[in-house]
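Trainee: I would like to learn how to read a structure that is new to me. Please show it first.

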Amino acid sequence: MTTWKIDPAHTDISFSAKHMMITTVRGKFGRVEGSLELDEQSPRNSRGEIRVEVASLSTGFDARDEHLRSADFFDASTHNWIVFRATKVEPRDDGDYAVIGDVTIRGVTRPVTFDVEFLGTTPGMRGGRHAGFTARAKINRKDWGLNWNMALEAGGWLVGDEIKVEIDVAADQVEVAQPVAEEPVAAVA
């Protein structure tokens, strides 16, 4: 089992939702942290946690971002982080994985299955190894109490319920210090 730290400069957490039933709004979270415990010989034993700061949310439109951070949606002043804890990894026939875990939003925890592709490892810029993954899932925002919406005059709703989540993860292997061997103590005669 090896430990990996999420590389926030090269990890992207994005989402998209339908707006007015016909267009798509996309956003991302700018601050992400976390770690992975990867068992490369038996991926089923792997686990991990990714945390994203709600206040770092950006859709490119300030008024919408403030509304999404408000109590109508994420309630960032009370619930600072969205957390995903991977609890199970299931290899698939195509070499990809189903990663099952718990997502906590606004204090509500629900299981989510991500479709994950392992992109491989490469030597890192500062030594060690660098690993890459992509993960995709679809969730219903109402499962986490993100219920705010507005009926449209022509029918339908302002905000779609289905949210597509896309994660591009880069992680650096944490070098474990080797224990220093103790010098044998000479016997005193």
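Mentor: What follows goes from the overall form to single residues.

Trainee: What kind of model is it, and how are residues numbered?

Mentor: This is a predicted model, in which local features need pLDDT of at least 70, side-chain atom pairs count only at pLDDT 80 or more, and totals for chains, interfaces and linings use all residues. Residues are numbered from 1 along each chain as its sequence is written, and side-chain values use heavy atoms, with hydrogens and water left out.

Trainee: How many helices and strands does the protein have?

Mentor: Helices (H or I, at least four residues) and strands (E, at least two) are DSSP runs, numbered from the N terminus. Here there are one helix and 11 strands. Read from the N terminus, the order is β-β-β-β-β-β-α-β-β-β-β-β.

Trainee: What does the radius of gyration say about the protein?

Mentor: The radius is taken over C-alpha atoms, and the globule rule to set beside it is 2.2 Å times the number of residues to the power 0.38. For 189 residues a compact globule would come out near 16 Å, but this protein has 21 Å. Along the principal axes, its C-alpha atoms fill a box of roughly 95 × 40 × 30 Å.

Trainee: How much of the protein counts as buried?

Mentor: Buried means under 20% relative accessible area, exposed means over 50%, and partly exposed lies in between (1.4 Å probe, protein chains only). Of the 189 residues, 38% count as buried. Areas come from the Shrake-Rupley method with a 1.4 Å probe, and for residues only the protein chains shown count as cover. The protein exposes about 11600 Å², with carbon and sulfur atoms supplying 53% of that area.

Trainee: Which residues have the most contacts inside the largest nonpolar core?

Mentor: A nonpolar core is a set of buried Ala, Val, Leu, Ile, Met, Phe, Trp, Tyr and Cys residues joined through side-chain atoms within 4.5 Å. The largest one has 43 residues, and F29, F74, I82, V103 and F114 have the most contacts inside it. Strand β11 (residues 159-173) gives the largest share of this core, six residues.

Trainee: What is F74 in contact with?

Mentor: Contact means heavy atoms within 4.5 Å. Neighbours within four places in sequence aside, the partners of F74 include F29, V54, L57, I82, I105 and L146. Across the protein, residues 24 or more positions apart account for 54% of the contacts with a separation of 6 or more.

Trainee: Where is A171, and is it buried or exposed?

Mentor: A171 is in strand β11. It counts as buried because its relative accessible area is 0%. Residues up to four places away not counted, A171 touches W4, K5, I6, D7, L36, R129, H130 and A131. Sequence separation and distance in space are read apart from each other: A171 and N149 are 22 residues apart in sequence and 37 Å apart in space, C-alpha to C-alpha.

Trainee: What is V83 in contact with?

Mentor: V83 lies in strand β7 and counts as buried, at 7% relative accessibility. Leaving aside neighbours within four places, V83 is in contact with E49, I50, R51, D102, V103 and T104. V83 and V52 are 31 residues apart in sequence, and their C-alpha atoms are 6.6 Å apart in space.

Trainee: Why does R64 count as partly exposed?

Mentor: R64 counts as partly exposed because its relative accessibility is 28%. This residue is found in helix α1 (residues 62-69). R64 touches V25 and T59, residues up to four places away not counted.

Trainee: What is the phi of M20, and what is that of D75?

Mentor: M20 has a positive phi of about 55° although it is not a glycine. D75 also has a positive phi of about 55° and is not a glycine. M20 lies in the loop between β2 (12-19) and β3 (23-29) and counts as partly exposed at 42% relative accessibility. D75 lies in the loop between α1 and β7 (81-91) and counts as buried at 14%.
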